[in-house]
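Subject: Structure handover

Hello,

Here is the structure I promised to pass on. Please open it next to this note. My findings follow below.

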Amino acid sequence: MRGQSVILQKTKKRRPSAPGKGEPILVRLQRTPLANLDHWIARQEDRPSRPEAIRRLVEQALAGSPSGPRSPTARAKAADLASKRLDKLIDPATPEDERQRRKRRILRGPGEFRELRDKFRSTDKT
């Protein structure tokens, strides 16, 4: 069988599959945030890769967020601070009853936000 040629098919090299199952995402960062990320990586003892660093930072950010509603003391303190700041911002020449009305309206917030707040609070109790 002279003249027969053997055709070798090359198999494609594939990347190893990622450990565990997860949703791959693409994140584009501009130069400044990327430089900040690289600086954060350099300060870590184990020098994680960029994807691992992003995973860690996301976990830290989510762990640091409040997990539930604020305490009544914290809400009262925030309202008091906002009230004092509004006293400084509202024109002193405005009559007192008008000042109080404006202040109340700002502290309560727009109706859409009040509805969302009420909805959020009701889901927290369940």
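Is Asp38 buried, partly exposed or exposed? Asp38 is partly exposed, because its relative accessible area is 30%, and the buried class ends under 20%. One caution before the rest: this is a predicted model.

Overall layout

The chain has 5 helices and 0 strands. Along the sequence the pattern reads α-α-α-α-α. Of the 126 residues in the chain, 10% are buried. The chain exposes about 12,300 Å². Carbon and sulfur atoms supply 54% of that area. Take the contacts with a separation of 6 or more: 13% of them involve residues 24 or more positions apart.

Salt bridges

The whole structure holds 9 salt bridges. Three of them are described here.

Asp38 pairs with Arg50, at 2.8 Å from N to O. This pair links distant parts of the chain. Arg50 sits in helix 2 (residues 50-64) and Asp38 in helix 1, 12 residues apart. Arg50 is partly exposed too, with a relative accessible area of 40%.

Arg56 bridges to Asp46, with the closest N and O atoms 2.6 Å apart. Here again distant parts of the chain are linked: Arg56 belongs to helix 2, while Asp46 is in the loop between helix 1 and helix 2, 10 residues away. Both partners are partly exposed: Arg56 has a relative accessible area of 24%, and Asp46 has 47%.

Arg102 and Glu98 form a salt bridge at 3.1 Å, N to O. They are 4 residues apart in helix 4, so about one helical turn separates them. Arg102 is partly exposed, at 32% relative accessibility. Elsewhere, shared partners join Asp46, Glu52, Arg55 and Arg56 into one salt-bridge network.

Arg99

Look next at Arg99, also in helix 4 (residues 96-108). Arg99 counts as buried because its relative accessible area is 13%, under the 20% limit. Leaving aside neighbours within four places in sequence, Arg99 contacts Asp87, Ile90, Asp91, Pro92 and Thr94.

Surface patch

Which residues form a nonpolar patch on the surface? They are Ile25, Val27 and Leu29, with about 280 Å² of accessible area together. Val27 lies in the segment before helix 1 (31-43). Val27 is partly exposed, at 42% relative accessibility.

Best regards

Terms used: Residues numbered from 1 in each chain as written. Predicted model: local features only at pLDDT ≥ 70, side-chain atom pairs only at ≥ 80, totals over all residues. Heavy atoms only, no water. Helix = DSSP H or I, 4+ residues; strand = E, 2+ residues; numbered from the N terminus. Buried < 20%, exposed > 50% of the residue type's maximum accessible area, 1.4 Å probe, protein only. Contact = heavy atoms within 4.5 Å. Areas by Shrake-Rupley, 256 points an atom, 1.4 Å probe, with all protein chains shown as cover. Patch = residues over 30% accessible without salt bridge, like charges linked within 9 Å, V, L, I, M, F, W, Y side chains within 5 Å. Salt bridge = Lys/Arg side-chain N within 4 Å of Asp/Glu carboxyl O.
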